[in-house]
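Student: I am new to this structure. Can you walk me through how to read it?
Tutor: Gladly. Look at it first.

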Protein chains: 2
Amino acid sequence: MDSLEESINEDLIKERAQCSFDVSELTYFLDDGKENTEQRRKFEKIVFSFKELKDPVSEEYLSHKEKYENAIRKSCLLVKITKENFPDIESEMTEKLGINGIPARVAQAVKDVPSFLVHFGLFVPTIIGQGDAEQLSYWLPRALDMNIIGAYVQTELGHGTYVRGLETTATYDPETEEFVLNSPTLTSYKWWPGGLGCTANHCIVMAQLYTKEQCHGVHNFVVQIRDEETHMPRMGVRVGEIGPKMGLNTTDNGFLEFQNYRVPRKAMLMKNAKVLKDGTYVKPANEKLTYGTMVYVRVSLVSEVALHLAKATTIAIRYSAVRRQSKLKLDEPELQILDYTTQQHKLFICLATSYALDMAGKWLWKTYKKVSRDIGHGKTDSLPELHALACCLKAISTADAAACIEKCRLACGGHGYMSSSNLPLLYGLITATCTYEGDNTVLLLQTARYLVKAWNREENAIDVKSTVSYLHLAYNNRYEKWDNTTENIIIGLQIVAAGKISSSVKSLNKRVEKGLAYEDAWNLTSVQLTRAAEAHCRAVLVNTYWAETQRRTATLSSSLRVVLQTLAELYVVYWALETIGDLLQFTNISENHIVELRARYEHLLTRLRPDAVGIVDAFDFTDELLNSTLGAYDGRVYERLMAEALRSPLNAEPVNRTFHTHLKPLMQGKL
Amino acid sequence: MDSLEESINEDLIKERAQCSFDVSELTYFLDDGKENTEQRRKFEKIVFSFKELKDPVSEEYLSHKEKYENAIRKSCLLVKITKENFPDIESEMTEKLGINGIPARVAQAVKDVPSFLVHFGLFVPTIIGQGDAEQLSYWLPRALDMNIIGAYVQTELGHGTYVRGLETTATYDPETEEFVLNSPTLTSYKWWPGGLGCTANHCIVMAQLYTKEQCHGVHNFVVQIRDEETHMPRMGVRVGEIGPKMGLNTTDNGFLEFQNYRVPRKAMLMKNAKVLKDGTYVKPANEKLTYGTMVYVRVSLVSEVALHLAKATTIAIRYSAVRRQSKLKLDEPELQILDYTTQQHKLFICLATSYALDMAGKWLWKTYKKVSRDIGHGKTDSLPELHALACCLKAISTADAAACIEKCRLACGGHGYMSSSNLPLLYGLITATCTYEGDNTVLLLQTARYLVKAWNREENAIDVKSTVSYLHLAYNNRYEKWDNTTENIIIGLQIVAAGKISSSVKSLNKRVEKGLAYEDAWNLTSVQLTRAAEAHCRAVLVNTYWAETQRRTATLSSSLRVVLQTLAELYVVYWALETIGDLLQFTNISENHIVELRARYEHLLTRLRPDAVGIVDAFDFTDELLNSTLGAYDGRVYERLMAEALRSPLNAEPVNRTFHTHLKPLMQGKL
């Protein structure tokens, strides 16, 4: 394989030569500055210089147990390397928690090995968000130094979405000043938490708090579950791993049962609610503050899926430049599949989506920080809007990313089905985000609830918040003359959202007027309501992507600016065509406009074609991060596929033992 | 786990009690008769009585190599059981080739263990379809008795879709009366064939035939690749396994390289084309006859994916009846998730789709047999239409089935992500069908090519074939008054198809008029063309499903008839709403009609709700075939999930060894 590094596929050389812009300029743009790019590259170079981080054989060849063990080996090594080479990274992670700019990429390289993902991604942030000063000073240094390893334990066998239905109990005993944890039913077993099965010795447990014979709902407790010296589960704790999954199989998702397990009073995280020594329950100053962590995780998911989608797109576009298949004309060579319009149609929207989600993720992160600052100053009135926004953006960005990654995989034909392409693994990883941190349908209905309220306020002419401020304007302008400018299309998509919210509210009210209870009417209207929330989110995404592109590309070279604006325009036109039925229902768009839009879309594909490889090169993923036979920088696809196949343990011997034990007897009729 | 068998989940008991029809009647209907059901049940009972066919632990726990070995063990055993207990099954398979009615289900139970899937599904049929009398009598008994095990070897590293581009050569040497097989390039290595890696000792190889210095294109050769006694690859043959994939990991997909490998002249299958002893090439009487096998496999895929989708639907609907989550009203118990309209919206269309594809598959199979009989009598004029139909039905049915299975999985939330739900495995299996036997996009473009021809004939008023006979009528009636009857919606979808074909042809012609070569114009219009082919196929599917339901349910009890018609109606209305943009563009549907359709759709969901469990029960899958913790007949979901988790090898010891080697040193800062 070493000789691979010597030469680059000729088609890729041509692609790179024809690129119309400076790839480095785009990389710096994506990293928010050249310094960030250099810092990230330095980090990646050091990390990937450790040969021990490379798998001797692909993880896919390993058994379930071996996968876990190999991941622990690599994760521990990675933590060590990081500590030794980047002593400041902990404070950076504490401060920025692995989001946006450089820390995003740095954190991802660390988090890519998923064993400690939950420790850094949920355990630490929850302590920061929910612990009081004493608890912070006790737990945080130990957690950041990894003297303890934590899991975040919320979901149960019987309850995921409906957090209020959790059955694990934490009953306060004032005699000993302890909480007694119990799992009263089979369905109350904790189930799913990452790292819980075999790795964590501590965890944050969500349980129904009982004190003085009263239930005060679900609260967080920091609980030690395994002995620090022996790692044996502690008395009263039963813990284990839940078995194989569609993806994430290097992570030990776990189950957990408590039987009269006692923890000290200060195990309860007490920044907001408290239980005093005598068992008195003290309510939090503001119930809404518990939204915080959930919103934080959803906000961070938008950027995370954008990054994974960027990987899938890089793999599929490079492969499509290398792969030649079929002749369009008999006397010409076979075409690069990237030259087929159907292939461009599949891939360029994925590329645009990864940019749209990246820009939306950064924008949402800024909004989140602003609202967090406000909360710090006691202002919580923006929280419901942020919550509604984070819900729908989490839902749509994870669903879009998963769909796009699968589209990339299918666009690579049979070879995309090979694990060595890395596309199946990326899909397995990202499709999980459609379910965790709130099932997407449930999240859309939460946004819908906010939208219905906003609409009703709107009808009563009360001032509405910024992200829904378009509602009024859009709805009133819906019958204005249509034109096909990008700006007008965006307004069109807002009109669609407003129209769908309006008609959902109408259906809802009609059902209530007919005598149905509001809850039943809501349920019967819920398909429409999810569609309305989707339309709202699409309008926000399209608008954000377009506006941020205009704003942020102003200082770039004109050649790059044109490319980024073309990509954003493609996104807008694509979504107009996808929602043409809605535009026809809610606006004055005409048949001629549609024909023109379709031609414009086809033209945009052609304009992006020469720069496609350059745009994905600018993501600047190392081959190690892509981990794909189809997506490497040199494009030596077939050599890599063959080299990878030769590593299969089934090829280590010319004849498998089952020939003698089974096949031969079968063929000779002697089985 | 034994105690599981004693009791059935209470919610499922209630569901079954409220079912409005006789489940057995529906099962007999699906099996085409009570006798078939009984025969199938007898077969399944015997097969599943062999405990050795049950995996000691889930295959997901095994390493890549162990998965293969376990599959071979089970496959051989299954063949033995089948031979001993059902001596007639071979002749049945020869005759009906495992399609439709009873043999479908029987064959599936055999084929479910995928090691010999290609042997029976492709190797044997190709010999039957392409071998001359002498070859048939030589190869067929040996293949059916499994004295040899065959693979079907077509795809290469560099070529899948474009069969004419295959690079493997078979050069005739008249001196020795042999063909010499060679793999001249890396990209010419055979790659993908199932069973090729370690199992098969024979295969059918597609190679470019050279004789008398002339290339005559791709032909089939039966080639022995491994020694029958030792199983060692023969001299000149390099063969191995290609590594892990997104699914199908119990199958040893393989690669194959030839170096001057000699095979006798009669290795070439000579039913149609021939090479005489002196090397003279004799053309086939009719080139179109080579379509045969491809069409056959595509036809059979429609029924196959329908059956797998039925499994996924059974799992998701039973789970949704058992799973309770969230309260709609505070004073009521948590709802069965099947009572949420959004859940019904996700699952009932999957249920309807499995029925639609089952009916379409049976209908297509009848059509195929009719055309085959015609071909036997020398009539080949229906072949292009059948080919176009099989192309688009393969594309749409596999895409729909994959999308629906994934929808079922996501509708089961986190637990659907567990391998033990069997939904990830089903998705991995079925998404592969979108790629193999012709990439779906390429197949849609082949149908589009036929449609464009039919449209041009239509414009010139030449008689068109039956499945496109609607074109003329639909296009001329497009501005008639719309009404919402089911029949009119079907016509509406035909009008949409005709409209899309018409406007694609317009775009195409416009580009040609502007001076583009036809091939380039075709490429630029190809997104529209695939959409037109999709619309055509949807019209065929909707029409077939509705018409067959009317025809076939006439003799059923009225209670069952109502249910099946409601399901078919749901399918029609769903697709009307999904293509509302098209209906608005191409027909006179009004805003009021749309509002009414949406209300009707919501009403149909409510009507189907009480019978949902009964409808999936009627598929009559044994728990062994479903192989799902979420889908078993007794609905004891949580017990099964927990029992399955306890089998994880990671739970065999309380502390994993990596704690001592890695985690503890890390936590103590001594790594």
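Student: How many residues of chain A are in contact with chain B?
Tutor: Contact means heavy atoms within 4.5 Å. Here 131 residues of chain A touch 131 residues of chain B. This is a predicted model, where local features need pLDDT of at least 70, side-chain atom pairs count only at pLDDT 80 or more, and totals for chains, interfaces and linings use all residues. Residues are numbered from 1 along each chain as its sequence is written, chains are lettered from A and ligands numbered from 1 in the order in which they are written, and side-chain values use heavy atoms, leaving out hydrogens and water.

Student: What area is buried between chain A and chain B?
Tutor: Buried area is the accessible area (1.4 Å probe) that two parts lose on being put together, summed over both. For chains A and B the value is about 11600 Å², with 61% from carbon and sulfur atoms. Y417(A), L650(A) and M667(A) supply 7% of the area that chain A buries against chain B, more than any other three residues.

Student: How many salt bridges are there between chain A and chain B?
Tutor: Side chains of opposite charge can pair when their charged atoms come close. The rule asks for a side-chain nitrogen of Lys or Arg within 4 Å of a carboxyl oxygen of Asp or Glu. Between chain A and chain B the count is 12. One of them joins R657(A) to E69(B), with the closest N and O atoms 3.3 Å apart. Over all chains, the structure holds 72. E602(B) and R511(A) also form a salt bridge, at 2.7 Å from N to O.

Student: At what angle do helices α10 and α18 of chain B pack?
Tutor: Helices are DSSP runs (H or I, at least four residues), numbered from the N terminus. Axes are lines fitted to C-alpha atoms over the stretch in contact, and angles run from 0 to 180 degrees between N-to-C directions. Helix α10 (residues 341-376) of chain B meets helix α18 (residues 526-552) of chain B at about 85°, their axes 9 Å apart. That makes α10(B) roughly perpendicular (65 to 115 degrees) to α18(B).

Technical notes:
Helix = DSSP H or I, 4+ residues; strand = E, 2+ residues; numbered from the N terminus. Parallel < 35°, antiparallel > 145°, perpendicular 65-115°, else oblique.
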